[in-house]
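Visitor: I have a model open on my screen and would like a walk through its packing and its chain contacts. Could you take my questions one by one?

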Amino acid sequence: METIRIEKKMKTNTEKQHEIVSAEFMPDENFSTKRKVMNKIETKNVHCWYGDFHVLRDVTIAIEPNTVTALIGPSGCGKSTYLRAFNRMNDLIDGFKLEGDVLIDGKNIYDKQMHVNELRKNVGMVFQKPNPFPKSIYENVAYGLRVNGINDKKVIDETVERSLKQAALWNEVKDNLHKNALGLSGGQQQRLCIARAIAIQPSVILMDEATSALDPISTGKIEDLIAELKKDYTIMIVTHNMQQAVRVSDKTAFFFLGDMVEYNNTKEIFNNPQQEHTRNYVGGRFG
Amino acid sequence: MNNEDIKTLKNNSFKVWAVFATSIGLVMLGILLVKIGMDGMHRISMQFFTSLPSRRAEEAGIFTAWVGTLWIMGTTALIAIPVGIGAGIYLEEYSKKGWWSSFLEINISNLAGVPSIIYGLLGLEVFVRLLHMGESILAGSFTLALLILPIVIVSTRESIKAVPKTLREASYALGASKWQTVWMQVLPAAAGGVMTGIILALSRAIGETAPLIVVGALTYVPFTPKSVFDSFTVLPIQIFNWVSRPQAEFLVNAAAGIIVLVAITIVMNGSAVLLRNRWQKNVKW
Amino acid sequence: MNTKEKIIEWLLFACAALCVLTTLGIIAVLAIQSVQFFSEVPLKDFLTDTQWTPLFADKHFGILPLLSGTFLTTIIAITIALPIGLTTAIYLSEYASKTFRSTVKPVLEILAAIPTVVYGYFALTVVTPFLQIFFPSLSGFNAISPGIVMGLMIVPLISSLSEDALYAVPKSLREGAYALGSSKLQTAFRVLIPAASSGIIVSIILAVSRALGETMIVAIAAGQQPRLTLDPRVPIETVTTYIVQVSGGDVPHGSLEYKTIFSAGLSLFVITLILNNISFFVKKKYREQYE
């Protein structure tokens with residue numbers, strides 16, 4: 001069963017690779033000029049600390065644009081820290097320290113000249129637990145625009161509709177846009193959070209165990225969505241669910257105790273792991 | 001009687017005492033309300049609210065007193081609310097853990113425990129004399145604002161602390177700045193608690209008498225203030241003045257004034273409790 | 001954009017720093033005036049003289065009568081408030097139903113919120129005449145009646161903080177006690193109160209500090225006669241009443257009489273500051289215990 005699904009996804013993925021070019025020319029006058037085609041992201045010799053605790057050691061990965069990369073590994077292996085290094089979310093934690101280079105389109109995002117708010121506009125994030133703002137559905141999606149100084153109602157209206165459509169939520173909420181987002185179901189809330197993230201047209205989307213709090217049906221919807229979003233975005237997910245990594249990702253990186261043990265095509269990682277630790281983990285021998 | 005019987009007896013007698021102890025405060029409140037009602041209710045009339053103070057008890061009213069109270073409360077709120085919320089935000093969202101933040105914390109905790117009359121002495125020297133505000137509404141309001149500041153700060157901090165971290169993360173992840181996050185997400189989410197604290201703080205300020213006497217609020221003001229630089233009296237001082245007179249007729253006026261003051265206090269505290277309950281019910285993260 | 005953020009952070013910082021300025025201001029004001037006061041009145045006289053008569057021709061500046069008045073009313077208040085407050089706390093946290101609790105607590109809070117000038121009136125016109133029925137020798141102004149009223153006023157202070165402390169005692173401790181066959185009462189007094197003792201101590205210290213600084217009740221009902229006595233039946237004067245008395249009168253700024261209110265205020269401030277700091281550190285310690 002599993003393999004069949006993988007092959008199916010792989011096929012659609014290759015199909016979509018061909019569509020990338022046309023996807024860049026989506027009919028959106030307001031944002032198309034802002035969109036950049038290249039979103040290559042990579043880390044070189046990245047080390048991270050929380051106080052004295054060395055959580056990530058010497059991680060070097062290069063990620064191609066418009067792919068889905070899964071970060072897997074047992075709890076406490078540093079995969080979430082690694083994910084959050086790309087939008088500098090770790091900076092919010094006292095005592096966090098990073099060494100090495102985190103590059104997006106060749107620019108080190110930890111440079112002094114880098115505005116962290118600008119960076120976060122370019123790198124969207126979806127969290128483990130759905131965390132909509134206690135405001136209306138509309139305002140949730142509009143927030144990212146408002147904090148970026150966009151107040152033109154027409155632009156916001158269009159963006160809200162487009163984002164909700166892209167997040168496959170539009171049909172469910174279009175008549176209730178001004179209802180409080182906390183009234184939505186968990187799965188709907190998470191799709192709203194995705195819509196909120198893509199409303200500001202990031203080039204990278206980070207998902208930190210975005211489906212772990214959801215039921216299987218909602219999880220399925222979000223996985224379909226990830227496959228769809230790959231056309232426009234470079235996506236990185238952290239997941240505890242190995243089947244999910246197999247289903248949605250092109251590449252997988254396995255982390256263990258702060259080390260990036262192995263990074264390869266997802267198929268290779270799961271069918272033909274090179275490292276002992278990886279083999280044990282994907283074989284379910286610890287977790 | 002065996003051991004168990006003694007245990008039960010003790011337990012039951014404690015229960016009787018406990019019910020008495022719990023209710024004695026309420027009983028006193030009841031007696032107090034009945035007493036002021038009996039003493040002062042017949043004095044409550046339009047004339048009482050619209051008359052100036054007078055040497056003759058039956059002609060005297062609380063016009064200057066309640067107008068003064070309004071002025072003082074308005075000005076105090078204008079000073080204490082932004083400063084108190086600002087300080088609360090700073091302590092909860094901006095200041096890093098360290099000697100400075102613990103120093104601020106112990107400092108605020110101490111200020112909350114300083115007797116109100118000491119604030120009066122501070123206001124007398126700093127606002128009335130040093131800053132030349134004179135015995136004005138402005139001086140009184142600054143004094144009261146400093147007095148209630150710890151209450152506003154503490155309640156602001158508690159409500160901000162209750163806002164989940166995930167909300168901040170979501171906002172930061174969308175590229176919002178720190179202030180945008182605080183102003184557009186954290187503060188609205190904490191608004192109920194902050195409001196409750198403000199109402200309680202203002203209700204405390206309305207009843208404060210001693211510090212205003214020290215900064216020179218007058219007991220006899222034959223006119224209503226026109227600006228914050230005018231001298232003033234307030235409701236509790238007017239009551240104190242009437243209570244202190246030897247003639248019994250003035251006690252009736254005092255009781256009537258107390259009815260007004262207690263009504264304001266109960267309404268304010270009641271609405272704070274309602275607001276708090278409603279807010280707690282609405283928030284479901 | 002970044003400058004705006006910086007400016008805002010500085011403004012917020014200024015708001016917080018105002019608290020430090022307030023503390024410094026209080027200390028400076030009290031200290032400066034008191035230093036001037038003590039340049040005219042020897043500290044020894046201030047601390048040992050048994051009379052306080054700055055407003056009379058024969059001037060004495062002994063703070064003891066004012067302090068004795070302050071402590072007398074406070075002791076009476078705590079004697080009333082402690083057993084009632086603690087019992088209320090135990091009853092609400094261990095015995096009472098949830099609905100009872102949620103109705104009684106806000107009403108008790110109102111008790112603490114009523115302006116003290118109202119309680120002064122109550123002490124003067126209700127409690128004193130009532131006590132005079134039993135003790136005809138009781139004078140119209142006395143320490144006992146404002147003390148009792150003040151005690152009832154601070155009951156909510158003790159009961160609510162103590163209840164929080166009792167509530168924070170882990171459930172396992174209660175279950176352990178019940179499992180050994182102890183009654184609710186035994187559990188409350190032998191297990192819960194000792195376990196919650198630091199929280200209860202904090203509540204008592206805060207209540208004492210509040211009673212020491214209370215002004216209007218004593219100003220209205222305790223009299224204005226500084227007297228070194230522990231007799232609760234006669235008029236006395238507290239530190240706070242004295243400050244009100246002088247402020248209400250026409251004492252010229254800069255005179256020695258004017259400075260007395262600051263030296264009296266300083267005595268009160270020092271005492272309450274010590275109490276508040278003790279409670280702050282006890283509170284900090286027991287928070288650490290549970291967290």
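Predicted model: local features only at pLDDT ≥ 70, side-chain atom pairs only at ≥ 80, totals over all residues.

Visitor: Which residues of helix 8 (residues 184–195) of chain C are buried?

Guide: Residues are numbered from 1 along each chain as its sequence is written, chains are lettered from A and ligands numbered from 1 in the order in which they are written, and side-chain values use heavy atoms, with hydrogens and water left out. Helices are DSSP runs of H or I with at least four residues, strands are runs of E with at least two, and both are numbered from the N terminus; buried means under 20% relative accessible area, exposed over 50% and partly exposed in between, with a 1.4 Å probe and protein chains only. By that cut-off, the buried residues of helix 8 of chain C are C:L185, C:Q186, C:T187, C:A188, C:L192 and C:I193.

Visitor: Which helix of chain B is included in what covers the buried residues of helix 8 of chain C?

Guide: Contact here means heavy atoms within 4.5 Å. From chain C, the cover includes helix 3, helix 6 (144–167), helix 7 (171–179) and helix 9 (197–213).

Visitor: Which residues of chain B does C:Y119 touch?

Guide: Leave out residues up to four places away in sequence. Within chain C, C:Y119 then touches C:L111, C:I114, C:V149, C:M153 and C:I217. Its partners in chain B are B:M28 and B:L32.

Visitor: How much area is buried between chain B and chain C?

Guide: Buried area is the accessible area (1.4 Å probe) that two parts lose on being put together, summed over both. The contact takes 77 residues from chain B and 77 residues from chain C. On the chain B side, B:F14, B:T22 and B:M28 supply 10% of the area buried against chain C, more than any other three residues. Carbon and sulfur atoms give 79% of the total, which is about 6,800 Å².

Visitor: And which residues of chain B lose the most area to chain A?

Guide: In this contact, 17 residues of chain B meet 24 residues of chain A. The buried area is about 1,800 Å², with 64% from carbon and sulfur atoms. Together giving 32% of what the chain B side buries, the residues are B:E169, B:A173 and B:L174.

Visitor: What share of the residues in chain B is buried?

Guide: Chain B has eleven helices and zero strands, and its C-alpha atoms fill a box of roughly 75 × 70 × 35 Å along the principal axes. Of its 285 residues, the buried share is 59%.

Visitor: Is B:H132 buried or exposed?

Guide: Most residues other than glycine have a negative phi. B:H132 is not a glycine, yet has a positive phi of about 55 degrees. B:H132 sits in the loop between helix 5 (116–130) and helix 6 (137–161) of chain B. At 70% relative accessibility, B:H132 counts as exposed.
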